[in-house]
Amino acid sequence: MHIGDKFRYAGLVLEGEVECAYQDQAFNKYNMNHFAAGELFGESMACAEVKASPMQVMAVSECVILFLDFSVLMNGGKLQARLSSSLLRILSRKNVFMNQKVRLLSIKSLRDRITAYFCTLTPDDNGTITLPFSKTALAEFLCVNRTALSRELTRMCSEGIISMNGRKFVLLREK
């Protein structure tokens, strides 16, 4: 989906991964979110009957998407209450996520922004955090320059704050 397209349907990712992003006037790309299998995207805009999408949706990998027509929620019926309840739960989770993202983006220091983001991720039993996307996508998600992100991650490693191996990180200590 391109910026400006009519957003008629929500998409349920059945296989693969998509990202939602927007571009500013200088054509800088800002990654807003990634959606993997089992996740829903575009439901807010579909329910709000947004005429022109402010976002673009792109496949990150080969995908199978089930597009859902949410107009059934507006027209009533027996299924409406169950769908509305499920949709409200999904929208609430996404609202929490977007509030978290706004909080992250309001952090001035790049190091603090990185550390705060890492703290939102759940480590495995060994304390390892696996990034849900590439470092380039992380830079877009955090709205920072990729080179600056790499430089700061390298500094954090050399200072013993994190250990890093590809997309896997361990937070060794708070800065």
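**Pockets and salt bridges, questioned**

Me: Which residues lie nearest the centre of the second largest pocket?
Reply: Phe-35, Ser-44, Met-45, Lys-94 and Met-98 do. They belong to a lining of 17 residues. Keep in mind that the model is predicted.

Me: What makes a residue part of that lining?
Reply: A lining residue has an atom within 4 Å of a point of the pocket. In the second largest pocket, 17 residues line the space. The volume there is about 350 Å³.

Me: Which elements supply at least two residues of the lining of the second largest pocket?
Reply: Strand S3, helix H1 (43–47) and helix H3 each do. H3 gives the most, with 5 residues.

Me: What is the volume of the largest pocket?
Reply: About 570 Å³. Its lining has 23 residues. Asn-33, His-34, Phe-35, Glu-39 and Phe-97 lie nearest the centre of the largest pocket. Strand S3 (29–36), helix H3 (78–105) and helix H4 (110–120) each give two or more residues to this lining. H3 gives the most here, with 7 residues. By class, the lining holds 12 nonpolar, 6 polar and 5 charged residues.

Me: Why is the contact between Lys-94 and Glu-43 called a salt bridge?
Reply: The cut-off is 4 Å, from a side-chain nitrogen of Lys or Arg to a carboxyl oxygen of Asp or Glu. The closest N and O atoms of Lys-94 and Glu-43 are 2.9 Å apart. That is within 4 Å, so the pair qualifies. Side chains of opposite charge can pair when their charged atoms come close.

Me: What does the pair of Lys-94 and Glu-43 tie together?
Reply: Lys-94 is in helix H3 and Glu-43 is in helix H1, so the bridge ties together parts 51 residues apart in sequence.

Me: Why is Lys-94 called buried?
Reply: Buried means under 20% relative accessible area. Lys-94 has 19%, so it counts as buried. Glu-43 has 2% relative accessibility, so Glu-43 is buried as well.

Me: How many salt bridges does the structure hold?
Reply: It holds 4. One of them joins Glu-152 and Arg-111, with the closest N and O atoms 2.6 Å apart. Glu-152 lies in helix H6 (residues 146–158) and Arg-111 in helix H4, so this pair links parts 41 residues apart in sequence.

Me: Are Glu-152 and Arg-111 buried or exposed, and what decides that?
Reply: The limit for buried is under 20%. Glu-152 has 9%, so Glu-152 is buried. Arg-111 has 15%, so Arg-111 is buried.

Me: What is the separation of Arg-155 and Glu-152 in helix H6?
Reply: They are 3 residues apart, so about one helical turn separates them. They also form a salt bridge, with the closest N and O atoms 3.2 Å apart. Bridges that share partners join Arg-111, Glu-152, Arg-155 and Glu-159 into one network.

Me: Why is Arg-155 called partly exposed?
Reply: Partly exposed covers the range between buried, under 20%, and exposed, over 50%. Arg-155 has 39% relative accessibility, so it falls in between.

Me: What makes Leu-14, Val-64 and Leu-66 a patch?
Reply: Patch residues need over 30% relative accessible area and no salt bridge, and nonpolar side chains are joined within 5 Å. Val-64, at 37%, passes the area limit. Val-64 is in strand S6 (residues 64–69). Together the three residues have about 230 Å² of accessible area.

Me: Where is Cys-143?
Reply: Cys-143 sits in the loop between helix H5 (135–142) and H6. Its phi is near 60 degrees, a positive value in a residue other than glycine. At 27% relative accessibility, Cys-143 lies between 20% and 50%, so it is partly exposed.

Me: How many helices and strands does the protein chain have?
Reply: The chain has 6 helices and 9 strands. Of its 175 residues, 35% are buried. The C-alpha trace spans about 60 × 40 × 30 Å along its principal axes.

Conventions: Residues numbered from 1 in each chain as written. Predicted model: local features only at pLDDT ≥ 70, side-chain atom pairs only at ≥ 80, totals over all residues. Heavy atoms only, no water. 1 Å grid on protein atoms, 1.4 Å probe; cavity = no way out; pocket = protein on both sides within 12 Å on 5 of 7 lines; lining within 4 Å. Points joined across faces, edges and corners; volume = space filled by probe spheres on them. Helix = DSSP H or I, 4+ residues; strand = E, 2+ residues; numbered from the N terminus. Nonpolar A, V, L, I, M, F, W, Y, C, P; charged D, E, K, R; others polar. Patch = residues over 30% accessible without salt bridge, like charges linked within 9 Å, V, L, I, M, F, W, Y side chains within 5 Å. Areas by Shrake-Rupley, 256 points an atom, 1.4 Å probe, with all protein chains shown as cover. Buried < 20%, exposed > 50% of the residue type's maximum accessible area, 1.4 Å probe, protein only.
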